[in-house]
Amino acid sequence: MSSIQSILVHMDASPRSAMRLAIARELARRQGAEMVCALLALEPPLMPAVETVPPTLITQIESDRRTAARALFDDVLAEGSPPMAWDEVVGDTPVHGFVEAALYFDLMVLGQQKRDDLLAVDVPPGFVSDVLLDSGKPALIVPYAGEFETVATDVLIAWKPTRECARAVACAIPLLQQAKKVQVLSWSGAEPAPAELTYGIRRYLGWHGIDAEVRRYAEVPDDLGELLLSRVADEGADLLVMGCYGHSRLRELVLGGVTRVILESMTCPVLMAH
């Protein structure tokens with residue numbers, strides 16, 4: 001059986017870090033993994049009116065947020081297993097530093113950014129998509145609202161025969177092997193490729209000991225992102241697995257429509273890979 005041996009958790013000073021820590025901790029226990037909790041340095045451009053803020057106040061803001069994040073970490077550390085370590089990311093930019101660190105981990109645990117809070121001090125805009133696309137590593141993204149008592153026990157896979165989706169499913173194998181229920185949903189307006197007819201996602205999962213129910217639909221709906229969210233709710237899934245689609249255009253990150261909808265409106269944790 002495959003396993004996840006290392007998990008990198010994005011820490012910040014928000015109370016929501018506690019939910020990310022709880023989920024990462026539960027996954028680490030089940031997988032026998034070690035955790036590293038990493039705090040990003042504060043990027044000056046994210047500070048309101050930074051040119052008018054005295055340096056002493058910037059230093060105090062940094063100190064306060066570090067203290068708050070570290071306190072969340074210490075509370076969990078005091079509860080015992082799994083093994084955990086603290087880190088403070090450095091690099092050309094905080095995002096670049098986190099990407100470099102992610103290269104050495106099996107899984108990242110990140111937090112969804114609130115749409116109406118794009119100038120939040122703790123999380124740079126586009127942080128999740130930037131880290132996913134630049135690192136190439138899988139991430140479990142935790143919604144900014146809601147309590148999640150279980151994760152990866154009832155899993156929904158949004159399957160598409162692409163590199164991004166195949167990577168997401170491959171990275172999720174250790175979690176799928178421990179799930180109680182795995183469902184695969186697939187939409188395609190085209191004829192199945194020869195490889196799909198010969199092998200297929202159900203056979204691939206079966207090779208890993210995963211008995212999945214596969215549902216295929218002929219037409220790709222225009223509102224596929226909203227439909228996926230609706231299916232997650234209907235099925236009571238506690239994890240959605242899917243590919244992350246996007247590319248850079250003139251230094252601007254352009255996300256695929258379904259990826260953007262899920263990142264903005266997710267209602268359960270989502271495992272993505274690019």
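Helix α5 (residues 163-176) lies across β6, β7 (181-187), β9 and β12 (270-273), and runs at about 150° to β9. Helix α8 (residues 224-235) also packs on the sheet, where it touches β6, β7, β8 and β9; the direction of α8 makes about 155° with that of β7. The model described here is predicted.

**The chain as a whole**
- The chain contains 9 helices and 12 strands.
- Of its 274 residues, 48% count as buried.
- The chain exposes about 13,200 Å², of which carbon and sulfur atoms supply 54%.

**The sheet**
- An open sheet with mixed pairing is formed by 10 strands, in the order β3-β2-β1-β4-β5-β12-β9-β6-β7-β8.
- Strands β3 (84-89) and β8 (213-217) stand at the edges with a single partner strand each, so one side of each has no neighbour in the sheet.
- On average, neighbouring strands of this sheet are turned by 20° against each other, direction ignored.
- Strands β6 (residues 154-159) and β9 (residues 239-243) pair in the parallel sense over 3 bridges.
- Val155 has Leu239, in β9, as its bridge partner.

**Ser135**
- Ser135 lies in helix α4, which covers residues 127-135.
- Ser135 counts as buried because its relative accessibility is 9%, and the cut-off for buried is under 20%.
- The side chain of Ser135 reaches the backbone oxygen of Val131 at 2.7 Å, and a polar atom of that side chain lies 3.1 Å from the backbone nitrogen of Lys137.
- Beyond its neighbours within four places in sequence, Ser135 is in contact with Val99, Ala102, Leu103 and Met108.

Notes:
Residues numbered from 1 in each chain as written. Predicted model: local features only at pLDDT ≥ 70, side-chain atom pairs only at ≥ 80, totals over all residues. Heavy atoms only, no water. Helix = DSSP H or I, 4+ residues; strand = E, 2+ residues; numbered from the N terminus. Buried < 20%, exposed > 50% of the residue type's maximum accessible area, 1.4 Å probe, protein only. Areas by Shrake-Rupley, 256 points an atom, 1.4 Å probe, with all protein chains shown as cover. Polar contact = N/O pair within 3.5 Å; in protein donor to acceptor, adjacent residues only side chain to side chain. Contact = heavy atoms within 4.5 Å. Pairing = 2+ DSSP bridges. Axes fitted to C-alpha atoms, helices over the stretch in contact; angles between N-to-C directions.
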